[in-house]
Amino acid sequence: MIASSIALSLAAIPAAFAATFTVQVGAGGKLAYDPEFVLANPGDTINFVFNPKNHTVTQSSFNTPCVALPDGATTGFVPVAAGTTPLPTRQFVVPNTNGPLWFYCQQTGHCGQGMVFAINPPADPDPHSFSAFQALAIAQNGTSTSSSTSSASSSSTSAFVTPPPPQWQSATATVTFDGSVYTTTYTSYDGTPPPTPAANPVDHKITVGANGELSYNPPNITANIGDTVTFEFHPKNHTVTQSSFLHPCEALQETSDSPGFKSGFQPVSANQTDFPTFQIKINDTAPIWGYCGQTGHCAAGMVFAINAVESGPNNFENFLALAKQSGNSSSDSSGSGSATTTAPGSKNTNAAASSHVGPSKGKHGKTPVFFAHPRRRTHKMSSEDDETYNLDEVFEVSKHACLLNGIAPTEKEPPRPPTPEPTVATYTRDAQNLPSDESWREIRIRLVGSHPLWAHYLWNAALALASYLDSNRDIYFNRNVLELGAGGSLPSIVAAKNGARKVVITDYPDSVLLENISHNVSENVEKEKLGRVDGYIWGQPVDRVLGALPIDDPHRKFHLVILSDLIFNHSQHDALLKTCEAVLVEKVPDGGRDDPCVLVFYSHHRPHLAHRDMEFFKKAEDRGWACEEIITKIFPPMFPEDPGEELIRSTVHGWRLTRRG
């Protein structure tokens with residue numbers, strides 16, 4: 001089962017004589033660490049116990065208490081629901097270093113309210129004492145954050161001043177509605193009116209991308225509790241995605257513990273007249289911020305606001321300016337969240353829940369390092385590495401993708417800058433896999449010079465999978481093989497050279513990817529062994545994929561489906577499983593051979609999100625698959641300087657999925 005197979009490596013336990021300290025984080029609802037500082041020796045362990053709400057322990061420096069230290073340690077956000085037992089704990093081993101260590105909570109506004117911590121600070125009245133550090137944090141008010149809106153990102157933004165974080169407070173109001181009087185306590189955003197429902201709720205219409213413009217119209221509206229807001233999508237491919245004031249171009253779920261709302265991508269053809277819509281309901285009067293998740297649209301100013309407080313600094317004009325300053329293409333995900341794609345003319349209604357928003361994630365250092373308790377598997381990653389990567393964000397709807405989705409193509413793909421020269425990687429067979437006739441010894445794989453879908457690397461998972469296929473030919477010999485997201489297509493080529501009946505190789509329908517795969521196939525595989533190289537979007541109808549198999553094939557499906565380094569794309573888990581279910585042969589007697597299966601090989605490229613990678617297998621089990629880990633193999637790390645424990649990033653895991661029953 002999964003639980004026994006996904007535990008991550010932990011740091012070594014400190015020496016027996018090292019001391020252990022316990023620090024409560026946010027106990028009793030207070031914005032404080034208790035104790036606020038400790039005096040410890042190298043090798044001592046500090047257990048940070050996280051109490052309800054959502055806090056971090058993030059390393060900073062004395063001079064900038066509320067700014068994450070580059071290459072510093074952090075726990076990342078640890079959301080804890082009320083009533084959780086036992087409380088989650090993160091450990092920190094004090095490194096052998098000179099001088100004090102400084103920390104803060106990265107949640108919006110917490111540092112500015114004095115939520116800081118220190119190890120070995122000098123005593124008062126030293127100018128670098130803990131009390132001086134805390135006073136400096138309060139004086140700076142936490143506004144010089146390490147968020148994605150940093151004004152140091154380019155010369156063009158150096159003069160831009162990030163507005164202060166939104167301020168929230170508890171409020172009590174007496175509300176009369178429908179003949180009844182209510183007293184309510186609620187979280188109030190500065191400047192918002194009391195939570196009074198509208199006497200006669202109305203629907204507000206906002207057009208999305210009308211007349212080819214990258215805009216919502218109107219972009220800034222006021223709505224009462226009980227009102228609805230309907231977004232009407234016009235031609236091209238846009239989203240409606242909730243974000244936060246300080247992070248305009250990041251989905252709310254990426255910067256807080258709130259899922260927010262998402263419409264998903266809504267492709268609309270140029271001649272379409274029945275426009276799809278997406279609707280939310282207003283539940284309170286706090287501001288709602290949102291953006292388009294299509295690549296580059298948010299940074300071009302395609303944002304909107306509902307109930308922005310124009311009298312303060314957190315107004316729509318500053319929100320728009322932050323979006324343009326961010327330069328962030330998008331972190332939207334079309335496949336997750338509360339929203340679903342709706343048909344033209346229909347409405348998808350979601351309750352809009354506004355909540356306090358946390359800052360973006362800080363950077364991870366190799367030493368000192370936080371590590372999780374067993375089975376919690378929490379590591380952190382740089383802020384540049386979002387929790388999801390979505391293929392739909394990489395391109396506007398291409399002509400081929402339009403055809404696959406039944407949308408009339410109206411324009412060519414946008415031009416790209418010149419691509420760097422291709423590179424060539426060589427796969428050499430393990431000695432034990434060489435047959436007596438040595439029919440082939442190596443495969444040369446051409447890789448595109450650069451590509452937003454990471455096809456310019458020969459990934460460790462592909463090497464491990466190729467070697468596994470070379471050693472286990474009975475899985476696919478004289479059988480049909482399909483690879484999804486093939487990249488350089490090494491595993492498919494190994495299967496074809498080793499006697500697969502037909503091999504169909506697919507990747508995102510982009511001409512650069514498909515032309516490169518075709519080149520690799522023509523250089524390495526006899527034409528008659530290949531079914532087709534084709535573009536395919538996961539989760540879409542599979543008729544064309546199955547049509548690549550011979551018409552006289554007794555099954556007209558595949559006995560083996562290959563997924564090599566794909567599950568890091570968390571938003572696509574359901575789509576991948578949907579395709580696997582549609583193309584894999586049902587269990588049939590086959591002379592005692594292995595059942596048809598899906599091989600899933602991957603590495604945890606972002607160790608702090610390993611639990612998100614593993615959700616693929618939990619979803620698979622829920623959908624009726626039997627999941628079994630069959631191999632682990634350690635390689636040199638793909639990117640040695642990346643954050644996160646190197647052993648985790650270097651390990652390739654191979655899983656086998658078969659149908660139950």
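Predicted model: local features only at pLDDT ≥ 70, side-chain atom pairs only at ≥ 80, totals over all residues.
**Close-up 1. D71, an exposed residue with positive phi.** D71 is not a glycine, and yet its phi is positive, at about 65°. The residue lies in the loop between β6 (58–60) and β7, where D71 counts as exposed because its relative accessible area of 54% is over 50%.

**Close-up 2. R479 and its contact with the backbone of I475.** R479 has its place in the loop that runs between α6 (460–471) and β27 (480–484). Although its side chain is that of an arginine, R479 is buried, with a relative accessible area of 2%, and this side chain reaches the backbone oxygen of I475 at 3.0 Å.

**Close-up 3. The largest nonpolar core and the surroundings of L560.** The largest nonpolar core has 39 residues, and those with the most contacts inside it are Y476, V494 and L560. To this core α6 gives the most, with 7 residues. When residues up to four places away in sequence are not counted, L560 touches L469, I475, Y476, N480, V481, L482, L584, C597 and L599. Apart from this core lies another, of 32 residues, which includes W538, L546, V600 and C627.

**Close-up 4. The crossing of helices α10 and α11.** The axes of α10 (residues 573–583) and α11 (residues 610–622) come within 10 Å and cross at roughly 40°, and the crossing in which α10 passes α11 is right-handed. On the α10 side, H573, D574, L576 and L577 take part in the contact, meeting R612, D613, E615, F616, K619 and A620 of α11. By residue type, this contact of α10 with α11 divides into 4 nonpolar, 1 polar and 5 charged residues.

Close-up 5. T85 and P86 are joined by a cis peptide bond, for which omega is about -10°, and P86 has its place in the loop between β7 (78–80) and β8 (89–93). The peptide bond from D124 to P125 is cis as well, with omega near 5°, and P125 is found in the loop between β10 (116–119) and α1 (130–140).

Technical notes:
Residues numbered from 1 in each chain as written. Heavy atoms only, no water. Axes fitted to C-alpha atoms, helices over the stretch in contact; angles between N-to-C directions. Helix = DSSP H or I, 4+ residues; strand = E, 2+ residues; numbered from the N terminus. Left-handed = near helix turned anticlockwise from the far one by under 90°. Contact = heavy atoms within 4.5 Å. Nonpolar A, V, L, I, M, F, W, Y, C, P; charged D, E, K, R; others polar. Buried < 20%, exposed > 50% of the residue type's maximum accessible area, 1.4 Å probe, protein only. Polar contact = N/O pair within 3.5 Å; in protein donor to acceptor, adjacent residues only side chain to side chain. Core = buried A, V, L, I, M, F, W, Y, C linked by side-chain atoms within 4.5 Å.
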